[in-house]
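Hi there,

Here is the structure I promised to pass on. My notes on it follow below, so please read them with the model open.

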Amino acid sequence: MSMNNQGRPSRPVHTYDAGAYEDTFSGSRGLDQAEPLIFERGHFDNTGVDLDEPKGTPTRLAGLDREGEIGFPGLSEPEAMRHYVRLSRKNYAIDLGLYPLGSCTMKHNPRLNEKMARLPGFGDIHPLQPQSTVQGAFELIGELAHWLMTLTGTPAVAMSPKAGAHGELCGMMAIRAALDARGEKHRRRVLVPESAHGTNPATAVQCGFTVDEIPANEGGRVDMEAFKAKLGDDVAGIMLTNPNTCGLFERDIKEIADLIHEAGGYFYCDGANFNAIVGRVRPGDLGIDAMHINLHKTFSTPHGGGGPGSGPTVFSEALAPYAPVPYVKQNGDSWTMIEHEGEAREDGTDPFGRMTAFHGNMGMFTRALSYMMSHGSDGLKQAAEDAVLNANYIQARLSHVMTQAFEGTCMHEALFDDRFLKDTGVSTLDFAKAMIDEGYHPMTMYFPLVVHGAMLIEPTETESRASLDRFCDTLEGLALAAKAGEKDRFMAAPVHAPAKRLDETRAARSPILRWTPPTDEQVAAE
Ligand SMILES: *Cc1c(COP(=O)(O)O)cnc(C)c1O
């Protein structure tokens, strides 16, 4: 049996109950259809359309036309259809089941939002259209910007960043521009708590800052003494997440804001977890200077699978002048898009530049505004409260069989560590793989790094009590099975998935990204 360096099988194994029927003649298992790569299924001699060779059309390619075959796999329409439907059935999706991935807010995307985003006036426009023809779209961007500033209690927002990490970059570039404008280019040290999302230190380094890590205290929050000891006149600022990535509210946040400001630095807040506090707390009141908002988390626009994100970044009075172009501006009844830094300077601001070719992800703006409008201020607040309630429900139901990482109630996610698996021979990874056999996407594992064998579960507010109970019953069952010595169940898992244990390290380190046609010898050997 091939093993990876942790002694776990890197190939399918047939020891645990995979059953005698696993190897079928067709390669399919029940309704789970075997499906090769499209290059293996199709052939460039085949085609789904039947067009005659164009006659009498002189080429305009000046002799640069391709001479050989293009090599695209040809399929008939039904074959192409089945290929993608079969692949889609191997996928897990929020529309399929509970998706407990912590720090990701995988909540239901209301279909009303989809309908709004497809309205022709929003869906079928082009960023290069004359401004007079897209006034409604500008108004929508302006209105969404207004509500984002209102909900966060801030005076400015840059709408164009296209993801959370991109928003972080936007915020940190504004901080750098502000420091440079103050003539304080020596301030290049950024304080980042240990529990931070990996994008925080990565962003700081990308902007030319150095990262200085603040340890967490016993309660999973910023260690205030360590933080104070790190303040100094080379400090550019702090990047802090609240609620933090341990799913806990940073209680000393106002003191942190005051101290960083006194030290001459700025406060970047990672607002990816805004869904836990929206409608209850305005981060501007807590003293933040910049914060990105993941529309694709808090405001339910779809994400995952590389789908479009959107990370508008709000700014305090101090950083507002450095926000990037473009932005929309209202003059009476009409709207203009301020595209160039020169135009912005006429408005009295000093943008650090521009981050994207156009204006951001319009479809995400439409969905997010639709979500806000359909919820209203009371509904947004209730969504945040229900997200926290659901996470605490999971924590309360599972803490007798799993080990809660920190004492007390949590915010929107429940964090467990691997102490409950001690001496079982089962690791966090094995436990997560067993969840796949149960039909669940695993939770976030081994993050945050401050917790050993972390399992971070974020149910979101859109799961019903029945759905949470079913999930908790399953995890309870698995935890008891691990403790009862049923190690085999975990070692081989997942046995019911289309792909079994993978050599994930090799897949990450040396991925094969290009299909190469089989050689003549290989074909002959078949
Ligand atoms: C999701 C997340 C990010 C990054 O957001 P992307 O849109 O994936 O770039 C940053 N910080 C935290 C805490 C997050 O949860």
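This is a predicted model: local features need pLDDT of at least 70, side-chain atom pairs count only at pLDDT 80 or more; totals for chains, interfaces and linings use all residues.

Contact here means heavy atoms within 4.5 Å. Residues are numbered from 1 along each chain as its sequence is written, and side-chain values use heavy atoms, with hydrogens and water left out.

Let me start with helix α9. Helices (H or I, at least four residues) and strands (E, at least two) are DSSP runs, numbered from the N terminus. In α9 (residues 253-262), the buried residues are I253, I256, A257, L259 and I260. Buried means under 20% relative accessible area, exposed over 50%, and partly exposed in between (1.4 Å probe, protein chains only). The cover over these α9 residues includes β2 (189-193), α8 (224-230), β4 (235-241) and β5 (266-270). After α9 comes G264, with a positive phi near 90°.

Next, have a look at N200, which sits in helix α7 (residues 199-206). N200 has a relative accessible area of 0% and is therefore buried. Its side chain makes a polar contact with the side chain of E168, at 3.1 Å. (A polar contact is a pair of N or O atoms within 3.5 Å; within protein, one must be able to donate a hydrogen and the other to accept it, and residues adjacent in sequence count only if both atoms are side-chain atoms.) Setting aside neighbours within four places in sequence, N200 is in contact with E168, V192, M239, T241 and D270.

Now to the ligand. It is surrounded by 13 residues, of which S103, G164, D270, H296 and K297 are the closest; a residue counts as near if one of its heavy atoms lies within 4 Å. By class, this shell has 3 nonpolar, 7 polar and 3 charged residues. Polar side-chain atoms of S103 and H296 each lie by a ligand oxygen atom, at 2.7 Å for S103 and 2.6 Å for H296. From A165, a backbone N or O atom lies 2.8 Å from an oxygen atom of the ligand. Taken alone the ligand exposes 380 Å², and the protein buries 86% of that (Shrake-Rupley method, 1.4 Å probe; for residues, only the protein chains shown count as cover). Two or more residues of the shell come from each of α6 (164-181) and α10 (295-298), and α6 gives the most, with 3 residues.

Finally, the salt bridges. Side chains of opposite charge can pair when their charged atoms come close. With a side-chain nitrogen of Lys or Arg within 4 Å of a carboxyl oxygen of Asp or Glu as the rule, the count comes to 32 salt bridges. One of them joins R282 and D285, with the closest N and O atoms 3.0 Å apart. R282 is partly exposed at 40% relative accessibility, and D285 is partly exposed at 41%. R489 pairs with E438 at 3.8 Å, N to O. Because R489 lies in helix α15 (residues 487-491) and E438 in the loop between α13 (428-437) and β12 (444-445), this pair ties together parts that are 51 residues apart in sequence. R489 also forms a salt bridge with E486, at 3.2 Å.

Best wishes

Notes
Ala, Val, Leu, Ile, Met, Phe, Trp, Tyr, Cys and Pro count as nonpolar, Asp, Glu, Lys and Arg as charged, and the others, Gly among them, as polar.
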